[in-house]
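Let's take a walk through this structure together, with the sequence and the coordinates side by side. Please have a viewer ready.

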Amino acid sequence: MEAQLISNGSRFSTLPRCYVRPEPDRPRNSESEVYHNAPVIDLGCGDRQFIVQQIAAACTNYGFFQVINHGVAKETVEKMLEVAREFFALPVEEKMKLFSNDPSKTTRLSTSSNPHKEKIHNWRDYLRLHCYPLENYARDWPSNPPSFKETVSQYCMEVRELGLRLQEAISEGLGLDKNYINNSLGEQGQHMAINYYPQCPEPELTYGLPAHTDPNTLTILLQEMHVTGLQLLKDGKWLTVRPFPNAFVVNIGDQLQALSNSKYKSTWHRAVVNSHKPRISVASFLCPNNDAIIKAPRQLLDEENNSFYREFTYSEYYEKFWSRNLDEGHCLELFKN
Ligand code: OGA
Ligand code: NI
């Protein structure tokens with residue numbers, strides 16, 4: 001069955017069958033634990049070497065970390081969340097004008113993940129936007145709410161600055177030149193997914209997003225306070241990452257796993273849903289240029305000069321990613337040497 005928007009103004013009293021996971025593949029929310037030691041890195045601490053070290057340690061051990069004092073203004077973040085809430089509160093007819101399941105569209109509202117291909121759908125609607133360069137894309141973004149374009153453009157610019165700074169620190173942590181990652185990935189793309197997870201009548205039976213790794217370079221995720229949903233796989237356990245005040249969650253994507261020759265891992269993560277409150281998250285994805293060749297630099301090869309993955313272009317990877325289902329396993333496996 002073709003999936004429909006679930007933020008359609010009506011309340012579901014039971015979970016439609018096409019969202020129900022088989023018994024072994026359910027979230028077991030009652031057993032999930034909070035990730036108490038989730039690293040939080042203060043980018044405003046003034047000690048750059050310390051920041052680089054902490055990021056390197058987090059990328060090696062977890063593939064993820066949170067950042068505070070990150071340079072994105074509080075007002076920018078608050079406005080971003082507010083306009084996201086307003087957007088998803090629009091009447092369903094208004095939202096449907098933007099509906100498309102074609103991943104090549106640069107502005108589209110969709111639902112689940114890959115509704116044509118997957119057998120079981122996910123309890124999520126999302127607005128997906130290409131964001132760089134802004135002048136190529138922002139004009140096609142929603143004009144309702146009226147402040148959408150301006151608010152989201154500002155957010156995208158500030159988050160991009162943060163992402164490029166983080167990639168400098170990650171380069172240094174890998175023992176590479178500060179500009180190595182940013183130079184080798186070319187003029188980097190930027191995409192955004194504004195995720196909306198409505199209240200779910202039976203959250204034990206489904207996911208907002210099932211376990212996946214992100215196909216891009218680096219993801220900067222904004223979570224709303226006071227509602228949880230994001231979980232990471234750590235030592236075989238799914239742990240809930242509680243929203244931390246004024247923080248972003250940063251995770252390594254598949255491209256940094258390939259570029260670092262698997263020193264840094266693209267973290268498995270997922271989103272679970274709940275029955276009492278809708279949840280919004282805003283994921284910003286930095287992506288290599290489509291023509292960028294992804295490979296590990298000489299310094300990161302093993303003693304025999306081997307790398308885990310063959311060289312590929314980002315466009316090749318991206319096409320492969322969208323031709324599969326999220327739960328078909330790690331896409332990077334298909335690029336192994
Ligand atoms: C994503 C993602 C997690 C969340 O959009 O890729 O992993 O908590 N989102 O919404
Ligand atoms: Ni993700």
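What follows is a short tour of a metal site and of the ligand beside it in the list.

Keep in mind that this is a predicted model. Which residues are its protein donors? They are His-212 and His-269, each through NE2, and Asp-214 through OD, at 2.1 to 2.2 Å from the ion. Read along the sequence, these donor residues follow the spacing H-x1-D-x54-H. Asp-214 and His-269 thus link distant parts of the chain, 55 residues apart: Asp-214 belongs to the loop between strand S7 (209-212) and strand S8 (218-223), while His-269 is in strand S12 (residues 269-271). Both Asp-214 and His-269 are buried.

Now turn to ligand 1. The residues around it include His-212, Asp-214 and His-269, the trio that also supplies the nickel donors. Among the others you will find Tyr-197, Leu-221, Arg-279 and Phe-285.

For Ser-281 the distance is 2.6 Å, for Asn-195 it is 3.2 Å, and for Asp-214 it is 3.3 Å. Of the 290 Å² of accessible area that ligand 1 has on its own, the protein covers 96%. Where does ligand 1 sit? You will find ligand 1 in the largest cavity.

Finally, consider which elements build the shell. Strand S6 (189-197), S7 and strand S13 (279-287) each give two or more residues to the shell around ligand 1. The largest share, 4 residues, comes from S13.

Definitions and conventions. Residues are numbered from 1 along each chain as its sequence is written. Chains are lettered from A and ligands numbered from 1 in the order in which they are written. This is a predicted model: local features need pLDDT of at least 70, side-chain atom pairs count only at pLDDT 80 or more; totals for chains, interfaces and linings use all residues. Side-chain values use heavy atoms; hydrogens and water are left out. Donors are N, O and S atoms within 2.8 Å of the metal (3.2 Å for Na, K and Ca); water is not among the atoms, so sites may look incomplete. Buried means under 20% relative accessible area, exposed over 50%, partly exposed in between (1.4 Å probe, protein chains only). A residue is near a molecule or strand if one of its heavy atoms lies within 4 Å of it. A polar contact is a pair of N or O atoms within 3.5 Å; within protein, one must be able to donate a hydrogen and the other to accept it, and residues adjacent in sequence count only if both atoms are side-chain atoms. Accessible areas come from the Shrake-Rupley method with a 1.4 Å probe; for residues, only the protein chains shown count as cover. On a 1 Å grid over the protein atoms alone, a cavity is a set of points where a 1.4 Å probe fits but cannot get out, and a pocket is an open set with protein on both sides within 12 Å along at least five of seven lines; lining residues have an atom within 4 Å of a point. A molecule sits in a cavity or pocket if more than half of its atoms lie within 2 Å of its grid points.
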